[in-house]
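Work through the exercises below with the sequence and the 3D structure at hand. Each task is followed by a solution in steps.

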Amino acid sequence: MTTSEERIDALEQAFGPLDDTANPLGTAGLLAADAAGEVLPEAERVLDDFDLNAEFVPADLGGRLERMDVLGRLLRPVFRRDASLGFGYGLNCFFATAPVWTAGDPDQRGHAARLLLDGRRVAVARHEVAHGNDFVRDEFTARPVPGGMVLDGSKSAIANASRATGLVIFARTEGAERGRSHTVLLLDRDELPAERVEDLARRTTTGMRSAEFGGLRISECPVPATAVLGAVGDGYELSLRSSLLIRGLIPSIVLAGADTALRTVARFANRVRADGRSSLDVQHVRDVITGGFLDLLVIDCSALVATRALHLLPRQMSAYAAAAAYLAPKLVAESMDEMSSVLGEETFAQDGAYGMFQKQRRDLPVTSLGHAGSAGRQVSILPQLPYFARHAWFADPEPPPSLFRPHEPLPPLDLSQPALLGDGDPLAATLVACTDLLESAGGQGGEGDGGPALRFLARALTGELVELKKAFEKVPEGDREALSSPYSFGLADRYTLVLAGAAALGVWREQRHAGRADSFLASPAWATAVLYRLVRRLGLPLPDRPEDCERLVLDEAMARLHNRRSYDLYSSPLA
């Protein structure tokens with residue numbers, strides 16, 4: 001049986017080098033397919049041969065899904081190349097089946113598993129999102145009748161609508177009480193009356209142009225009661241519970257695309273001109289590459305915590321998944337704006353060596369689910385913060401060290417355990433503990449303690465947590481008006497930066513003592529540079545710029561370019 005590391009490496013190698021002009025799955029082929037709005041058949045065959053769908057099926061149902069952190073890493077070789085392929089081929093199937101794994105009965109779970117393991121697709125039609133656009137404003141309705149329901153309505157943009165055999169549909173339930181307005185149905189298209197189901201025209205998108213977003217109309221179609229996932233009216237709760245699984249994966253897929261964008265810019269900057277100089281001789285260029293790499297490292301720290309917390313801290317992980325999914329696209333979007341200043345006019349290239357940057361930048365808003373996803377994640381975080389302020393911050397114990405140790409085993413994934421609202425914030429306790437550790441090491445000259453800059457920065461983040469505690473202690477728990485104010489949303493944004501810093505400190509601390517430590521991650525240089533960037537974003541007082549630390553980070557970024565290693569915590573070999 002292959003290990004997860006072997007599977008990740010095998011998938012990466014199966015695609016071949018992205019920058020090899022002779023590789024049909026390289027940059028030229030992927031950009032041509034994107035321009036044509038098509039997915040490369042050869043790329044789908046790679047995923048067929050790998051049996052990617054099995055990665056989305058829990059192990060107890062015959063699949064290979066055992067660890068959420070591993071699933072996030074397995075998606076990276078695909079999303080480094082093409083978000084349309086990664087989302088359209090498989091990840092959308094996981095998004096669709098998350099409610100089935102969460103709330104389905106044995107027959108429903110078994111049926112969804114068989115569809116995916118047989119190589120077929122499952123699509124999801126979600127309910128209307130208040131912050132969404134016209135993609136999400138039409139919907140299905142379900143009318144209860146003896147023995148089942150009658151489904152009617154349409155949705156104009158469903159990923160893989162015409163290619164999917166399985167359908168998971170969030171339908172508005174007629175006559176339902178408030179809070180129970182939607183019901184989730186699991187359907188097999190092969191079992192529906194053909195005359196009741198109609199494919200609608202495909203919609204074009206600016207990003208992920210090769211993914212199929214098509215419409216579906218279902219007309220007065222009877223469905224049996226056995227199609228209902230959970231109970232009638234469970235749709236809203238199921239959507240929220242499913243998001244606990246999905247959100248932890250968002251940072252990995254965003255990071256993967258940004259890895260390719262940063263690699264493209266680093267390669268551009270490394271070109272030696274006729275006069276023997278390169279763009280790397282310019283301080284701004286060095287700063288952009290260093291900052292881009294640091295953002296990817298802190299995103300991966302947040303991804304690690306969010307996915308491993310599903311196993312280790314299911315009652316507290318809700319805020320961590322939402323924060324990671326909120327912050328990752330935001331950091332990458334800002335970083336890509338900075339990178340475009342390095343590429344100059346090459347930013348707009350549609351093909352050639354630098355065309356992949358424009359593609360990844362174009363795909364990002366669709367990959368991360370855009371504004372609707374961002375607002376929804378903040379809304380998930382905010383109700384928890386008054387409770388944390390009163391009962392958790394500076395009181396909770398730390399999480400287990402294995403939360404920050406990517407190669408340690410995890411307990412089995414139990415999808416009945418994750419809670420929508422956390423009963424504590426142990427990650428914040430890690431920030432406090434690391435600050436205390438650094439303070440106690442100050443003046444002792446301990447090797448690798450990070451020095452005064454890291455102590456200053458950790459203290460600044462802990463001070464920010466103190467201010468957040470004061471602010472949210474003033475908010476009555478359940479006061480929706482106070483929590484929905486722009487001021488509260490701004491505080492939630494600051495909280496995500498504090499959590500990111502805590503995650504980075506936790507990873508650095510555990511790497512210092514790990515049996516298979518990475519010398520770069522065990523060094524305080526990257527942690528100091530990451531925290532400097534986070535504290536600067538918060539607008540807090542800063543120590544002297546840690547230029548030596550940033551220089552070491554830039555050296556690592558360029559070494560990974562030359563040695564073909566990934567820009568994340570794992571430094572994985574690339575094809």
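**Exercise 1: the surroundings of T97**

T97 touches A112, L116 and V122, leaving aside residues up to four places away in sequence. The model is a predicted one.

Task: Find the helix in which T97 lies, and decide whether T97 counts as buried or exposed.

Solution.
1. T97 lies in helix α5, which covers residues 83–103.
2. The relative accessibility of T97 is 0%. Buried means under 20%, so T97 counts as buried.
3. A polar atom of the T97 side chain lies 2.8 Å from the backbone oxygen of C93.

**Exercise 2: the nonpolar cores**

Task: Name the residues that touch the most other members of the largest nonpolar core, and the helix that gives the most to this core.

Solution.
1. The largest nonpolar core has 167 residues, and those touching the most other members are F94, I289, W393, F472, Y495 and W526.
2. Helix α10 (residues 318–343) gives the most to this core, with 16 residues.
3. Another core, of 22 residues, lies apart from it; among its members are A123, A142, L167 and V197.
4. Take F94 as an example: beyond four places away in sequence, its contacts include F56, L65, M68 and W101.

**Exercise 3: two helices**

Task: How are α9 and α20 oriented to each other?

Solution.
1. Helix α9 (residues 283–312) and helix α20 (residues 547–563) pack at an angle of about 80 degrees, and their axes are 9 Å apart.
2. Angles of 65 to 115 degrees count as roughly perpendicular, and α9 and α20 are therefore roughly perpendicular to each other.
3. By class, their contact has 7 nonpolar, 1 polar and 4 charged residues.

Conventions. Residues numbered from 1 in each chain as written. Predicted model: local features only at pLDDT ≥ 70, side-chain atom pairs only at ≥ 80, totals over all residues. Heavy atoms only, no water. Helix = DSSP H or I, 4+ residues; strand = E, 2+ residues; numbered from the N terminus. Buried < 20%, exposed > 50% of the residue type's maximum accessible area, 1.4 Å probe, protein only. Polar contact = N/O pair within 3.5 Å; in protein donor to acceptor, adjacent residues only side chain to side chain. Contact = heavy atoms within 4.5 Å. Core = buried A, V, L, I, M, F, W, Y, C linked by side-chain atoms within 4.5 Å. Axes fitted to C-alpha atoms, helices over the stretch in contact; angles between N-to-C directions. Parallel < 35°, antiparallel > 145°, perpendicular 65-115°, else oblique. Nonpolar A, V, L, I, M, F, W, Y, C, P; charged D, E, K, R; others polar.
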